[in-house]
Protein chains: 2
Amino acid sequence: MSEPTTTPNPTPARTGADLLCETLLSEGVDLCLANPGTSEMHFVAALDRQPRMRCVLGLFEGVVTGAADGYARMADKPACTLLHTGPGLANGLANLHNARRAYTPIVNVVGDHATWHLSADAPLTADIESLAHPMSRWVGRSSAPEALGLLAQQAVHEALQPPGGVATLILPADHAWSPAQALPPVPRARARPQAPAVEADRATAAAVLAAVKQGPGTCLLLAGQALRDEGLLLAARIAQATGVHVLTQQANGRVQRGLGRLMLDRVPYVVGQALAQLSPLRCMVLLGAKAPVGFFGYPGKPSSMLPPGCAVLAAAHPGEDELQALRWLADAVGAMQAPVPTALLAQRKPLPLPQGALTADAVARSVVAQLPEQAIVCDESVSSGRDFFAMSWHAAPHDYLQITGGAIGCGLPLATGAALAAPGRKVVTLQADGSAMYTLQALWTQAREQLDVLTIIYSNRTYAILHGEYRAVGAGAPGANARRMFDFDNPALDWVKLAQGQGVEAARAETAEAFNDVLAAALQRRGPFLIEAVI
Amino acid sequence: MSEPTTTPNPTPARTGADLLCETLLSEGVDLCLANPGTSEMHFVAALDRQPRMRCVLGLFEGVVTGAADGYARMADKPACTLLHTGPGLANGLANLHNARRAYTPIVNVVGDHATWHLSADAPLTADIESLAHPMSRWVGRSSAPEALGLLAQQAVHEALQPPGGVATLILPADHAWSPAQALPPVPRARARPQAPAVEADRATAAAVLAAVKQGPGTCLLLAGQALRDEGLLLAARIAQATGVHVLTQQANGRVQRGLGRLMLDRVPYVVGQALAQLSPLRCMVLLGAKAPVGFFGYPGKPSSMLPPGCAVLAAAHPGEDELQALRWLADAVGAMQAPVPTALLAQRKPLPLPQGALTADAVARSVVAQLPEQAIVCDESVSSGRDFFAMSWHAAPHDYLQITGGAIGCGLPLATGAALAAPGRKVVTLQADGSAMYTLQALWTQAREQLDVLTIIYSNRTYAILHGEYRAVGAGAPGANARRMFDFDNPALDWVKLAQGQGVEAARAETAEAFNDVLAAALQRRGPFLIEAVI
């Protein structure tokens, strides 16, 4: 049923797709997460001629984009995607939304029809720009095959421009297949973050310094690079010297965490808790962070989580150098002369393994107790796992990646990408069952690539969060129609079969003791594995 | 972890969500396919107060929108969806794209943040309008709770305005939860199709009549209502009277088909075949159809599938009354006086059951031979099942629904919706394995609702179409990177486990004889079942 070959191509001429591919490689992009279609076949052919580009298939585009997010969070450089026209992009948008909120650099390549075929309005034709803009910081469409080198370079540059984001490059099929003799442009120097507001603006510096010297009543809100080792230690020093509070945002792309690091708490998700916790503040100092707002608006509750009259000062805006701002601040308050603030850093606390009924809390305790050194935790546990973060102070040092944009279905793909970025490190995914169903196809990619990912499914067979939210918005107790939309216990999902069906070994645990044992065994092996924790 | 209830609501005031829900019911929309989130909780509460509205949960939004497509194709009226903000809409867009190409009426309800919370740019905030426009014929955002009745009525009207389409209604959470005393507006009369061009325009009528009287060399291209019983018989009469060819588009939302009906062929998918088949034509007469174009553009091939100089005449444009145009034409050529053209109608041809190796062709033959009366066939077999359509002349009378927009992942949801629309009729899904993975969550909804759907997976463990397309675009033989993106045999998907994991019973067949037997058994039972046909 296939087309006969019209242009036998044993020694193909160099094409626009080759130029694109070579430029991506010369800019340091060497992983292509792909779910291609017909309009991308010449890009695929170019990839065939570039074995340095690693190609990883996702069986659904949400896997591709979510893995690109997880990869860049750990690799600190972008992967490229390869998506098929408007509908392929559409399937990847939800996880691009999460990437956008995490400021993750991604070069998002979307194939389109040949330029001369667009006016035919063939079935797959769609307005790609309109679909791409909401989740992209930059959208560029190829103007000519020879221009694909500069366009690809610009896409990488736009993706990496601090604080990072999604750069969407639209590739018409004829530009991919037409000859292009141009060489890749000379690689550009990587964009550096801008100087922080406290260095660029004297009045801001004075205000921030005065607020921090007030100590309690002022809170540093950390984000971006401030959540890595150096930033955490600087923040701990400043807190010890001045008595300021230190928090991080409710959601972040990546936090370094565990024993020996600052016992950092985050702004609570639940609006009532956030309002209560932040109510004593007179000033919030932002380090690459956004001032906290409610995840949703609720009847009779405010958008801002800060008390009335609380000042907000940006020591570093997103895209500015948060670390440099912290260094400046630590110096200015004399924090660098004091000894290391060990009282603020997490110490090993003997955390007993849980016993008895398997609950969300028991799962978290068992993971904290058994987490190996330098693991990567990918957290989309939603309501089941909200307590893990506080508890994980006492886990071995690890990187913590979480859902950032509220678009559920990011956990399994995120873990897939993180594992691609960090071979040799164990990836542990804490995954709510409802959210897992959105992108369960990621398990197949984990099996295909034999990635070292341990997935833990919190199997409560309900959108537990919606039961809470239904009450929260004042709607009373759920009735028959509501329960039919909140619960999926009938039939129950069998996660062992869903994993095995995709080539991932799996086991089920129904007690804390069983979970402890299967977790210990799973952490001893390499390669993908899934535990269904029935809670 | 949930918000405490701020507004105990035992006898709730009537809200904007109630007004919306009551209006949808009064306009005849009584099925809500949903995947709600927090911002939609008051709509869910309103649904709780309206037991006449049937609520069906999809565990992924692509299931919701694809099922809304399948439902309306069979019910000839829209369902409403309930999606959660921009990312929830994004996940549903691919199947809305297919619905758009099928001219399917859908009332697509998308919840958004409370109006006063949008400026906070909370994590889930996104440009919903930009996402919705490419797949919607109409997008409306609520301006006030009291206005939701008229807005909902307009959404239904826009969805049903011939030829039909997706009407997206954006519902801010505070408009859903705020009081609204207005009653639903008086139901509007359903929009009727416009008079066809052959009735509205004398010159067109003359040209069409002259072309049809030419007989061979002219082709009627049927779409829309012309593909139902009356239209097919009218076209057969015209063909018998004049000798014109009759074809349908490569893809259609719904075709009535099987024994006793016109042996209608369609424009081939493969460009070379389409060009060859249509090359003798001097005139194409469109009845609600679009002139055929290539599904993709290929190097050195044209966009149009018609030979140079072939005239194109629209007897009825999309949205005009194709049936009325056929009646006029049949009358004008004197076709109504002749006897029924039995030679053009499909007769029972003894079709032996296949034997030996299980191939795509064997699967199709077995289905044609065993298909029960008035089944609904949902076809997303992609490359494996292209021959089914021609063969299915000889099957029992059935309705045939297929992927229309090229956005793969529509088969399982489409079947889910068709089964909801037509209880008592067996739904048979012909489903390629690669495409099935996009929306496999539909199987769970089939189990939850105990829908009478038999899913047949063509399990070839490859994107077979891409192997063909890679050759078709002149890219030569696939290399290592290409094969890594085309084949998913390592690991092989186990469709029996993937079905059972979602509560759907399943079996595997590896020979034609085994397939014949399991198909016969599966057709005897009711409720969801899946056969993995290893081809």
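Reply: A polar contact is a pair of N or O atoms within 3.5 Å, where within protein one must be able to donate a hydrogen and the other to accept it, and residues adjacent in sequence count only if both atoms are side-chain atoms. This is a predicted model, in which local features need pLDDT of at least 70 and side-chain atom pairs count only at pLDDT 80 or more, while totals for chains, interfaces and linings use all residues. Residues are numbered from 1 along each chain as its sequence is written, chains are lettered from A and ligands numbered from 1 in the order in which they are written, and side-chain values use heavy atoms, with hydrogens and water left out.

Me: How many residue pairs are in polar contact between chain B and chain A?
Reply: Contact in general means heavy atoms within 4.5 Å, and by that rule 115 residues of chain B and 115 residues of chain A take part. With both residues required to be at pLDDT 80 or more, the count of pairs in polar contact between the chains is 56.

Me: Which helix gives the most residues to the side of chain B that touches chain A?
Reply: Helices are DSSP runs (H or I, at least four residues), as strands are (E, at least two), and both are numbered from the N terminus. On the side of chain B that touches chain A, the leading contribution is 8 residues, and it comes from residues 85–102, helix α4 of chain B.

Me: Which residue of chain A meets Arg101(B) in a salt bridge?
Reply: A salt bridge is a side-chain nitrogen of Lys or Arg within 4 Å of a carboxyl oxygen of Asp or Glu, and the rule finds 6 of them across the interface of chain B and chain A. For Arg101(B) the N to O distance is 2.9 Å, and the partner is Asp121(A).

Me: How many residues apart in sequence are the parts tied together by Lys77(B) and Asp30(B)?
Reply: Lys77(B) and Asp30(B) form a salt bridge whose closest N and O atoms are 3.4 Å apart. Lys77(B) sits in the loop between α3 (61–75) and β3 (80–84) of chain B, and Asp30(B) in the loop between α1 (16–26) and β1 (31–34) of chain B, so the separation of the parts they tie together is 47 residues.

Me: What is the phi of Tyr103(B)?
Reply: Most residues other than glycine have a negative phi. Tyr103(B) lies in the loop between α4 and β4 (106–112) of chain B, and at 30% relative accessibility it counts as partly exposed. Its phi is positive although the residue is not glycine, with a value near 55°.

Me: What is the omega of the peptide bond from Pro162(B) to Pro163(B)?
Reply: Most peptide bonds are trans. Pro163(B) is found in the loop between α6 (148–160) and β6 (166–172) of chain B. The bond from Pro162(B) to Pro163(B) is cis, with omega near 5°.

Key:
Buried < 20%, exposed > 50% of the residue type's maximum accessible area, 1.4 Å probe, protein only.
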